[in-house]
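Subject: Structure handover

Hello,

I am passing on the structure we spoke about. Please open it first, then read the notes that follow.

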Amino acid sequence: MKKIHVNQLGYHGSDVKKAVIALDSDAFEIVRVSDNTIAFSGATAEAVYDEASAENVCVADFSGFSEEGTFVISVGTERSFPFVIGENPYIGLRSALLEMFNYQKCGVAIDKGIWSHPACHYSPATIYGTGEKKDVSGGWHDAGDYGRYIVPAAMAVADLLLAYELSPNPAPEILDVTWFEIEWMLKMQCEKTGGVYHKVSCRIFNAMDELPQDEKDELIICPITLTATADFAAAMALASRFYPVKKAVLMDAAKRAWDWCEQNPDAPNFVNPPDIGTGAYGDTISKDEIFWAACELFAATGDEKYHDVIKQSEIYVGLGWADMGTFGIAAYLSAASADPALLTEMKNTLHSVCEEIIQKFRNEPYGTSLGTTYRWGSNLDIANNAMTLLLYSKLAEKNPEYENAAREHMHYILGRNPLSQSYITDFGSLAPKNPHHRPSIAVDAAFPGMVVGGPNPTTPRDTVLQLHCEGNPPSKFYIDNQESFAANEIAIYWNSAVYFVVSLLDI
Ligand code: 9MR
Ligand code: ZN
């Protein structure tokens, strides 16, 4: 087990560069891997107690060192994993994170080396509780399972489109990649009512080594929900900015979904019907999704009817599949005819969230901001906090400290954490090899560029994780085991959030 933690890909020469040393040390050395010579000697900062890992650690700041090459940090006999200092230590990362979405495609044959497979899940699905069939083929498999769910889909689409819009150097293919999911989302809208079905999947999660084309059980479309319909309205209105040729179709879909929400404000929250066991994504509060939808529809149309809803609403803030408020704020900040006073209020609201993040960040030696709360998908929370800071700096007021903090969050994901664990498959010396991802398990090789959920001590039913990590502090509650769904699964909206961050940082 390493005791000196670094970003295992590396750092740009001009970056703030820090390693975290979980040893009692007052000095460190940077050693050239090529010839084992010492390139730099420095003093560590005074030891601090890190609550999330329950350890004393010292930060080694080597920002002043910018020689290009491959190095390790050394203290006594301890060595970190090697890392690069250079112009592009993250080569291939951004495109791999995006390629994951092409790999998750459902309903079409996939041609990706050992991970290739024929088309899957293309038969018409049954609308729950009826004999009615509907074609809802396409879209991305959500995660390690083959379900396709509107709520996380809306989030992934928003992350990717915002990455395209706000990156200083966006990958042009983002729009094509994302269109595949949007096309499927459109099929999930009920033609008659405008409401949007919550999800489509088989009744249960099938065997872990089953390839998608072998999952032949009946596909079930679960009932329309307010959460899914509001998320859909928001995502389609947002998408209308990016696909001019499809604008009319997207806006029509968005408005019909909005009307459904207005007519069904008290529709119940989603819970799985008794005979369905796949992901629920049930959200008890849909007001933030309505707020997001109103902001996107207002930004897309300038129609005061949506503005009135925003003016009467609380300002919601937060990112996560159950929290869409910050997307709403981002939309309002880019709306052409925003109200100046409300605009200021929204900026201030976002600013206070950023300040909460940054207060924690200043106290966390690993460059994180989660305190001791490592929920299922803790890496999403890491990425979302970075994303929130970057959105503020981009849309409200440029803030170098926020941008630096976002970069520091990426260092955590790429290995500068208490386990020296990179959380992205195929990137870093110690990257996950056994993600909870059916197609990877079936061929016994992890598809590259997938972000795993990360440490999570709060899911007792993940028995393999619990057994292995019993007694571990929160940020060390992780195992690279294919059975650990609560720490080692992958998901489209985890990749999309990290993709947003790397796109804005332009790495
Ligand atoms: O990411 C979701 C996490 O926030 C929830 O706590 C968890 C339990 O409801 O579900 C996670 O989402 C999973 C979904 O339900 C099914 N597909 C895989 C998702 C990632 O683990
Ligand atoms: Zn499929």
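What volume does the largest pocket have? About 730 Å³, in what is a predicted model. Its lining counts 30 residues, and those closest to the pocket centre are Gly279, Tyr281, Trp376, Arg461 and Glu489. Two or more lining residues come from each of helix 10 (378-395) and helix 15 (492-505). Sorted by class, the lining of this pocket holds 15 nonpolar, seven polar and eight charged residues.

Next, ligand 1. The residues around ligand 1 are Asp142, Ala143, Asp145, Gly279, Tyr281, Trp321, Trp376, Glu489, Tyr493 and Trp494. The side chain of Asp142 has an N or O atom 3.0 Å from a nitrogen atom of ligand 1. For Trp321, a side-chain N or O atom is 2.9 Å from an oxygen atom of the ligand. Glu489 also places a polar side-chain atom 3.0 Å from an oxygen atom of ligand 1. On its own, ligand 1 exposes 450 Å², of which the protein buries 79%.

Five strands make up an open sheet with mixed pairing, in the order 12-11-15-14-13. Strand 12 (133-134) and strand 13 (148-149) are at the edges, each pairing on one side only. Inside the order, strand 11 (residues 125-127) runs parallel to strand 15 (residues 220-221), and two bridges join them. Thr126 has Ile220 of strand 15 as its bridge partner.

Regards

Technical notes:
Residues are numbered from 1 along each chain as its sequence is written. Chains are lettered from A and ligands numbered from 1 in the order in which they are written. This is a predicted model: local features need pLDDT of at least 70, side-chain atom pairs count only at pLDDT 80 or more; totals for chains, interfaces and linings use all residues. Side-chain values use heavy atoms; hydrogens and water are left out. On a 1 Å grid over the protein atoms alone, a cavity is a set of points where a 1.4 Å probe fits but cannot get out, and a pocket is an open set with protein on both sides within 12 Å along at least five of seven lines; lining residues have an atom within 4 Å of a point. Grid points are joined across faces, edges and corners, and a volume is the space filled by probe spheres set on the points. Helices (H or I, at least four residues) and strands (E, at least two) are DSSP runs, numbered from the N terminus. Ala, Val, Leu, Ile, Met, Phe, Trp, Tyr, Cys and Pro count as nonpolar, Asp, Glu, Lys and Arg as charged, and the others, Gly among them, as polar. Two strands pair if DSSP finds at least two bridges between them. A residue is near a molecule or strand if one of its heavy atoms lies within 4 Å of it. A polar contact is a pair of N or O atoms within 3.5 Å; within protein, one must be able to donate a hydrogen and the other to accept it, and residues adjacent in sequence count only if both atoms are side-chain atoms. Accessible areas come from the Shrake-Rupley method with a 1.4 Å probe; for residues, only the protein chains shown count as cover.
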